[in-house]
Amino acid sequence: MTEITLRRPDDWHLHLRDGAMLAAMAPESARHFGRAIIMPNLVPPVVTGAEATAYRDRIRAALPEGSDFTPLMTLYLTEATDPEDLARAHAEGIVTAAKLYPAGATTNSASGVRDFDKVRPVLERMAEIGMPLCVHGEVVDAEIDIFDREAVFIDRVLDPIRRATPGLRVVMEHITTRQGVDYARSGGADLGATITTHHLVLNRNHILVGGIRPHYYCLPVAKREEHRLALRAAATSGEGCFFLGTDSAPHVDAAKESGCGCAGCFTATNTLSVLAEVFEQDGALDRLEAFTSLNGPAFYGLPANEARVVLQRGDPVSYPARIETGAGPVTVFDPGFPLHWRVL
């Protein structure tokens with residue numbers, strides 16, 4: 001196979017940042033993607049419908065002229081979130097979902113949730129109106145090893161929340177473990193899971209063996225090879241509960257390569273080429289469209305994009321090593337193998 005045509009993909013987990021970074025990042029995602037769920041963990045976070053509207057306007061202003069990319073906004077869930085403001089913003093089409101960050105779990109999550117009982121009224125309201133909850137699924141307990149935090153979160157937090165809130169639609173974002181794959185498969189129609197491009201490629205050896213590679217450091221951190229293989233099998237299976245959420249998360253190189261480097265891989269620029277390579281390696285090119293373009297819209301109750309993109313196989317494709325922004329350079333994810341699939 002040397003050419004494939006897909007419905008235009010969507011990205012169900014994307015960081016665009018703000019200001020000078022937003023101006024450079026928005027065109028990178030708009031080039032190939034039709035829609036994206038936009039993460040609200042700015043400083044300060046996007047916690048109200050009015051703030052989501054203002055952020056959406058800034059994103060639209062940063063898009064290239066003539067772009068039809070649609071940002072799907074989210075609210076940052078806090079213990080003080082007003083259920084009625086959230087429901088009103090959803091009813092008016094301002095926000096598509098809400099995002100739950102355990103406080104301290106990842107970048108700009110300090111305003112997240114510490115006591116999950118305090119957000120039960122919001123979760124119950126979300127279940128009533130059918131509004132999805134996007135979850136960063138890691139506990140933050142100091143005694144829990146960082147490589148076990150996703151599996152423990154499923155048992156201690158996520159499963160109890162879902163049992164206590166029937167009908168709540170949940171997206172397990174950026175799953176990284178076999179346990180995450182198994183739980184998503186067992187969860188029924190109200191549970192979905194996004195998988196990132198980089199977690200299909202990386203295991204923890206890629207970060208640590210032969211020297212620390214800061215541009216491979218992300219949260220949730222990449223795990224053992226057995227978990228990466230479980231993610232590959234899930235993504236390439238065609239099963240409807242699994243869909244693409246890149247978690248493309250730009251940081252300037254100075255912040256990534258510092259003594260306390262920031263977590264995040266920037267993959268927006270070359271994701272489709274990397275994914276085509278992965279799916280070809282696994283003999284699953286016929287299921288790439290389900291993962292990138294069909295399963296996500298189906299879960300969110302949206303139509304698949306009518307527009308198409310064409311990928312063509314040929315000589316290795318060259319992508320820029322970094323994107324220059326007004327805030328500084330951002331390194332583009334390097335999968336460590338040649339990319340032969342070009343987006344026409």
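1. The largest cavity holds about 140 Å³ of space. A search of the whole structure finds four cavities of 30 Å³ or more. Here a cavity is a set of points, on a 1 Å grid over the protein atoms alone, where a 1.4 Å probe fits but cannot get out; grid points are joined across faces, edges and corners, and a volume is the space filled by probe spheres set on the points. The largest cavity has a lining of 19 residues, and His15, Thr106, Leu219, Asp247 and Ala249 are those nearest its centre; a lining residue has an atom within 4 Å of a point.

2. The model is predicted: local features need pLDDT of at least 70, side-chain atom pairs count only at pLDDT 80 or more, and totals for chains, interfaces and linings use all residues. Residues are numbered from 1 along each chain as its sequence is written, and side-chain values use heavy atoms, with hydrogens and water left out.

3. His251 is in the loop between β9 (242–244) and α9 (253–256); helices (H or I, at least four residues) and strands (E, at least two) are DSSP runs numbered from the N terminus. His251 counts as buried because its relative accessibility is 12%, buried being under 20% relative accessible area with a 1.4 Å probe and protein chains only.

4. The His251 side chain makes a polar contact with the side chain of Arg17 at 3.2 Å. A polar atom of the His251 side chain also lies 2.8 Å from the backbone oxygen of Ala263. A polar contact is a pair of N or O atoms within 3.5 Å; within protein, one must be able to donate a hydrogen and the other to accept it, and residues adjacent in sequence count only if both atoms are side-chain atoms. Beyond four places in sequence, the residues in contact with His251 (heavy atoms within 4.5 Å) include Met21, Thr107, Cys262 and Pro329.

5. There are seven aromatic pairs, counted where ring centres of Phe, Tyr and Trp (its six-membered ring) lie within 6.5 Å; planes under 30 degrees apart are stacked, over 60 edge-to-face and the rest tilted. Phe243 and Tyr300 are edge-to-face, at 6.5 Å centre to centre and 75° between the planes. This pair links strand β9 with helix α11 (residues 288–300), 57 residues apart.

6. Phe299 and Tyr300 are also edge-to-face, because their planes are at 75°, with centres 5.8 Å apart. Phe299 is buried at 7% relative accessible area, and Tyr300 at 10%. Trp12, Phe243, Phe299 and Tyr300 form one aromatic cluster.

7. The charged end of Arg169 sits over the ring of Phe299, 4.2 Å from its centre. The criterion is NZ of Lys or CZ of Arg within 6 Å of the ring centre and within 35 degrees of the ring normal.

Key: Buried < 20%, exposed > 50% of the residue type's maximum accessible area, 1.4 Å probe, protein only. 1 Å grid on protein atoms, 1.4 Å probe; cavity = no way out; pocket = protein on both sides within 12 Å on 5 of 7 lines; lining within 4 Å.
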